[in-house]
Each structure stands twice: as structure tokens, then as C-alpha cells.
Amino acid sequence: MNDSPMNKREKACQTFAELSKRGCDFLGSEVAILGGAMSWVSERNLVSAISNAGGFGVIACGAMTPERLEEEIIATQALTDRPFGVNLITMHPKLDQLVDVCIAQNVSHIVLAGGVPTGATIRQVRDGGARAIGFAPALALGKRLVKLGIEALIIEGSEAGGHVGPVSLNVLAQEILPYIKDVPVFVAGGLGRGDAILSYMEMGAAGAQLGTLFAASAESIAHPNFKAAFKRANARDAAVSVQLDERFPVIPVRGLINTASRHFMQHQADTLEKFRKGEIEREAAQLEIEHFWAGALRKAVIEGDVENGSMMAGQSVGMVREIRPVAETITMLVEQAIEALEERESRS
Ligand SMILES: Cc1cc2nc3c(=O)[nH]c(=O)nc-3n(C[C@H](O)[C@H](O)[C@H](O)COP(=O)(O)O)c2cc1C
């Protein structure tokens, strides 16, 4: 007996709800989609917009002081009654105090980013009553984090915007999703369509984290120039920073190619030349290379200097074609997933 179109739609919605259940239950959201924390971008307006639209917003603490973070959490709570998280960078010198601030303000979820968190930090989060989320750049590290007590993992492929690892989401998903079942695993990096998110959920992912698409949202405080550059860009324009010499490490960051990213190559070459000639010590040369990007993300996001700032963006930037409200983006992603399931029902 053939199903009516309505039955197919209902079945597709039900299947998607079942696939989303674990992620939604863990996050306390309607949709298992996190807004990935983005320094300067993921503040009260965008975070509350994502949570209010049924997703799960995450504040980017970045280099904020504990006092600044507390202010941002309180301001976000004034804009939404729904749960949201805070992303803390593990090498922040005041990490313990930042965790305490989150706990005192009843933040439900803390994402520990920028390195492998210690068991002590994970315990501090959990003992305080918040849920601890970490990043798994490889299966062994994911398993270690689970043993240390992490309650959910994000696997972020090299397609993502910002600081990236070397492995694509396609490969990380195959390496990790079949083997980590004890905690929910969210996928990130290069995602811009609901049917793609669905395919990872069918492999076992609990949901997805997106950054670039949300950075270009109507509610994002990113400068109009920043959003316009996202709208114009193609996937190939979001490239990873290149390291010129293995003695001088460069943290790989994916962003739009611009004047600054081109100057960075020259800056490295000039610094290496000074080092070669003995005009500068090795440590000083490393610092000169690292300092190149200081303040550069703010310059692009807040000041709108898209040529001289850091234009962190994922390869998903090629799927930004309009500046839309967050709710429209989330509805679009859910609809694409459900349509893909409906089409499958039609084929069967
Ligand atoms: C502008 C920008 C800034 C980011 N800043 C951070 C950050 O401060 N901390 C972090 O853990 N991830 C950061 N990310 C990564 C995002 O949280 C998210 O995982 C990533 O954007 C997902 O890939 P996508 O951009 O292709 O959706 C940043 C990404 C972008 C685009």
C-alpha cells in the first residue's frame, strides 16, 4: 500500500525527531544544532537568537576576563529563557575562575576548547552542576576525554572556520562515530545543508555545530562588510594559513584570503630572513610571527576591515548567499533534512 504524501511527511518528521532526540535531550533544545562559539561574533545577540530559534547558542569567552564573561552571561539571560552554553579556551590563565563564573550564573553547558582539558577542569564543571563538552581531534583523544568524564564531544573537521586540525569531517566521522557511543557526538566543519547534517546523524552523530552560516545571520553583530564578504565568497576562498618553516610553527587558521593573509606569508619570510642573518633570536622571531594576527579578528568582525583583519570562515562560506535571520537558517536546515527523508520514503 502506497503512503499518502502526508504520511510520508509525518514519517520523515518522526524519523528526524528520533535521530535528533539524544542531542536535543542533552542540550535541552528543540533542534540538535549548536551555534559554534566564534570570538567577537558569539555574544548576547547571536547566542540568544540561536537559542530562541530552537537551537543552542554558545558564548565565545575567548580572552574575556571573568568579570566581562559574567556580564555577557547575564546580558544573554536577559534575552532568552532557553539554555545556552559558554565556550572556554583551556589555556586561559583564569580558566578556573571562568568556570566558577559560569557555575555561579547557572550556565547549563560548558564547552572546553583550544586543547585537551584536564580531568580536574572536567570535574570542576560537573561538580558545579554544568555539563562538560570537549573536542575530539582523533579517536584516541575522544576515548581519553570520555574516560576523564566528558559528557559530549564535538568533532570538528578541517573544513571549519577558525583554528583547525588537519583532518576533514568526512574522515573524522568515519574514524570516531562508529566507536564512541557512550556520549553524544556533534559534528562540525563545512556544514551548510540539512541533508548533509542528516547523513552524519544517520552515522551516529547526535547533531551538528555550525559557525560560518550563523556569523552571517541578520542578528550577528559582525560588521556589514564582514557579512558581505561572506556572501560573495566561495568555498575555495576560505583557506588555511600556511607555515613557511617547520622551526617556526604557525597555528593553522581557516579564513578568507585577503591582504592580511597574503602579508602574513611575506611577514614570515621577512622574519625568517632576519633570523637567518642573525639579526633576531629564535624566540623573538617566533613571537614576531605569532603577533602578526593580534587583534586581527576584532578588526575584521567589529571594524569591518575585511582586507587587513582576520576573516575566519569555514568552507561552508560558499553556501552563504543571503543574510537571513537565524530562525530562517535553522528552519531551512531542518526542512532540508526532512525533505531528504521524504524523498527516500518515496523511493522505497
Ligand atoms: C569567525 C569565527 C571565529 C571562531 N572562533 C572560535 C572560538 O573562539 N572558539 C572555538 O572553539 N571555535 C571558534 N570557531 C569555530 C566555530 O565554533 C565552529 O566550530 C566552526 O565555525 C564550524 O565550522 P563552519 O564555520 O564551517 O560551520 C570560530 C569560527 C569562525 C568562523
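In this predicted model, the largest cavity holds about 50 Å³ of space. One cavity of 30 Å³ or more is present in the structure. The lining of the largest cavity is made up of F16, V31, A32, I33, G194, I197, M201, L333 and V334. By class, eight of these lining residues are nonpolar and one is polar, and no charged residue takes part. Two helices, α8 (194–202) and α14, each contribute at least two residues to this lining. The largest share, three residues, is supplied by α8.

The space in the second largest pocket amounts to about 190 Å³. Its lining consists of 14 residues, and those nearest the centre of the pocket are M319, V320, R321, R324 and M332. Six residues of this lining are nonpolar, four are polar and four are charged. The lining of the largest cavity, by comparison, has no charged residues.

The ligand is surrounded by 19 residues, of which A37, S39, E156, T212 and S316 are the closest. The shell around the ligand comprises seven nonpolar residues, 11 polar residues and one charged residue. For G190, a backbone N or O atom is placed 2.8 Å from an oxygen atom of the ligand. For G211, the distance between a backbone N or O atom and a ligand oxygen atom is likewise 2.8 Å. In the case of G161, a polar backbone atom lies 3.5 Å from an oxygen atom of the ligand. The ligand taken alone exposes 600 Å², and 94% of that area is buried by the protein.

Charged side chains were considered next. Side chains of opposite charge can pair when their charged atoms come close. Across the whole structure, 19 salt bridges were found. One of the pairs is formed by R82 and E30, whose side chains meet at 2.8 Å, N to O. These two residues belong to distant parts of the chain and are 52 residues apart. R82 is located in the loop between α3 (66–79) and β3 (85–89), while E30 is located in the loop between α1 (5–27) and β1 (33–35).

How values were computed
Residues numbered from 1 in each chain as written. Predicted model: local features only at pLDDT ≥ 70, side-chain atom pairs only at ≥ 80, totals over all residues. Heavy atoms only, no water. Near = heavy atom within 4 Å. Polar contact = N/O pair within 3.5 Å; in protein donor to acceptor, adjacent residues only side chain to side chain. Areas by Shrake-Rupley, 256 points an atom, 1.4 Å probe, with all protein chains shown as cover. Nonpolar A, V, L, I, M, F, W, Y, C, P; charged D, E, K, R; others polar. 1 Å grid on protein atoms, 1.4 Å probe; cavity = no way out; pocket = protein on both sides within 12 Å on 5 of 7 lines; lining within 4 Å. Points joined across faces, edges and corners; volume = space filled by probe spheres on them. Salt bridge = Lys/Arg side-chain N within 4 Å of Asp/Glu carboxyl O. Helix = DSSP H or I, 4+ residues; strand = E, 2+ residues; numbered from the N terminus.
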